Amino acid sequence: MRTENNTTPIADAGHADFRFWLALHRTAGIGARRSVQLLDSFDSPAAIFAATHDQLRSAGVRSDSIDAIRNPDWQAVDQDLAWLEQQGNRLITCRDPAYPP
């Protein structure tokens, strides 16, 4: 995310759907390593949340984590998005060039 005149948050290309990035971050049983593995398998957070139970299971996701993926805490994600809209706040995903090596 970048800001224009340091006031208005604007999503960088490729990161337009922060909602799914935040939901993935909040998914119980899915840590940083598993997130990267799932992104390698499904290409995007939105695709992870669109995947079927069988597809997730085939990707090695445990049943309890599949349940968490199928039922994200959208209220918490909305709170995260509200925070993100505040001046100076930024989301840096593992696919963002600003993500540390």
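Is Asp78 buried, partly exposed or exposed, and what is the relative accessibility of Asp78? Asp78 counts as partly exposed, at 39% relative accessibility. The model examined here is predicted.

**Salt bridges**

Across the whole structure, a search finds 4 salt bridges. One of them joins Arg19 and Asp78, whose closest N and O atoms are 2.5 Å apart.

Another salt bridge is made by the side chains of Asp64 and Arg62, at 3.0 Å from N to O. Asp64 is partly exposed at 44% relative accessible area, and Arg62 is partly exposed at 46%.

In a further salt bridge, the side chains of Asp96 and Arg90 meet at 3.9 Å, N to O. A salt bridge requires the nitrogen to lie within 4 Å of the carboxyl oxygen, so the Asp96 and Arg90 pair counts as one at 3.9 Å. Asp96 has a relative accessibility of 5%, and because buried means under 20%, Asp96 counts as buried. Arg90, in contrast, is partly exposed at 39%.

| Pair | N to O distance |
|---|---|
| Arg19 and Asp78 | 2.5 Å |
| Asp64 and Arg62 | 3.0 Å |
| Asp96 and Arg90 | 3.9 Å |

**Aromatic pairs**

The search of the whole structure also finds 3 aromatic pairs. Among them is the pair of Phe20 and Phe49, which is tilted, with 5.6 Å from centre to centre and 40° between the planes. Phe20 lies in helix 1 (residues 18-26) and Phe49 in helix 3 (residues 45-50), so this contact ties together parts that are 29 residues apart in sequence.

Phe49 also pairs with Trp74; this pair is tilted too, at 6.2 Å centre to centre and 50° between the planes. The link again spans distant parts of the chain, from Phe49 in helix 3 to Trp74 in helix 6 (residues 74-84), 25 residues apart. Phe49 is buried, with a relative accessible area of 10%, whereas Trp74 is partly exposed at 28% relative accessibility.

Phe20, Phe49 and Trp74 form one aromatic cluster.

Conventions:
Residues are numbered from 1 along each chain as its sequence is written. This is a predicted model: local features need pLDDT of at least 70, side-chain atom pairs count only at pLDDT 80 or more; totals for chains, interfaces and linings use all residues. Side-chain values use heavy atoms; hydrogens and water are left out. Rings of Phe, Tyr and Trp (its six-membered ring) pair if their centres lie within 6.5 Å; planes under 30 degrees apart count as stacked, over 60 as edge-to-face and the rest as tilted. Helices (H or I, at least four residues) and strands (E, at least two) are DSSP runs, numbered from the N terminus. Buried means under 20% relative accessible area, exposed over 50%, partly exposed in between (1.4 Å probe, protein chains only).
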